[in-house]
Amino acid sequence: MTRILHLSDPHFGTEQQTVMTALMQLVEQQRPTLALLSGDITQRARPDQFRRARRFMEQLGIPMLAVPGNHDMPLFNPFKRLLRPYGHYQDNFAADLEPVLETERLLVLGVNSSRADRHKNGELTDEQIQRVEQRLRQASARQLRIVMQHHPVRAVESSDRSNLLIGGDAVVPRWVDAGLDLLLAGHIHLPYVRPLNGQTSGRQAWTAQAGTALSSRVRGEIPNSVNLIEHSTDGPFHACSVARWDYADTSQSFRLYSHTDLALDRSA
């Protein structure tokens, strides 16, 4: 069985030590084999914030893939934002802004949905869209096919519609038709799981949002939150689920909040 920790929006610079300790305890207890970090690693893209983030992620002791978010570019330094917007991110995490991980049973495609010429909104180029679509079509039926980006593609609150990936209504059905199973994102600090539909194939996929993992910038009454994804195969049959774990002040630990079983469509 593959167990993946999905975390997002830790916003180092606003991190909380008690929540960091609790997340390390959760990792020790659940033993995920991989961490996927879907952006907004820092609050203001400062070098010290990236260094603290890197040290913490290393302390988790598991391999990690990350993509940047809109907060991971300098906001108050226009020269850096213009000339090397992801410089501090690349110095501390990875030079590749769109990492790929492929094993016999897993395909993870990182996509950079942030833009240096936009303060907040996310958008993809035609080249990005086509690259992901092509890789999904080449995937094995045995693989869990994940796309990870920062910006969401489905909203459950009307106020979040303005935060959705620009052009996502056209992009997502193409990816679902190409074989997408699960799209991971963050940005809005609101965790949920929702279905995604294809356009021509009749396939269904899923999107899982993660809340803010460590930051004091929680949304309303929604606490700090992470996801644990489990996937296994038995011949042609797939079992996959997303469990949401919320931080509880009373116990200073992460507690299981919900568990969602995902039906994976192998018609593509």
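Which residue stands opposite L34 in β2? Hi everyone, let's start there: the residue is I4.

Before going on, a word on where this comes from. This is a predicted model, where local features need pLDDT of at least 70, side-chain atom pairs count only at pLDDT 80 or more, and totals for chains, interfaces and linings use all residues. Residues are numbered from 1 along each chain as its sequence is written, and side-chain values use heavy atoms, with hydrogens and water left out.

Back to our pair of strands. Strand β1 covers residues 2-7, and it runs parallel to β2 with 4 bridges joining them. Two strands pair here if DSSP finds at least two bridges between them.

Now to the hairpin. Strands β11 (residues 237-248) and β12 (residues 253-262) pair in the antiparallel sense over 9 bridges. On β11 and β12, V242 has T260 as its bridge partner. The hairpin has 4 residues between the strands, and Q252 takes a positive phi near 50 degrees.

Another glutamine worth a look is Q209, in strand β9, residues 204-209. Is Q209 buried or exposed? Q209 counts as buried because its relative accessibility is 1%. Beyond its neighbours within four places in sequence, its contacts (heavy atoms within 4.5 Å) include H6, P152, Y192 and N227.

Let's zoom out. The protein has 6 helices and 12 strands; these are DSSP runs numbered from the N terminus, with helices being H or I of at least four residues and strands being E of at least two. The C-alpha trace spans about 45 × 45 × 35 Å along its principal axes. Buried residues make up 56% of the 268. Of the contacts between residues at least 6 apart in sequence, 70% join residues at least 24 apart.

Conventions:
Buried < 20%, exposed > 50% of the residue type's maximum accessible area, 1.4 Å probe, protein only.
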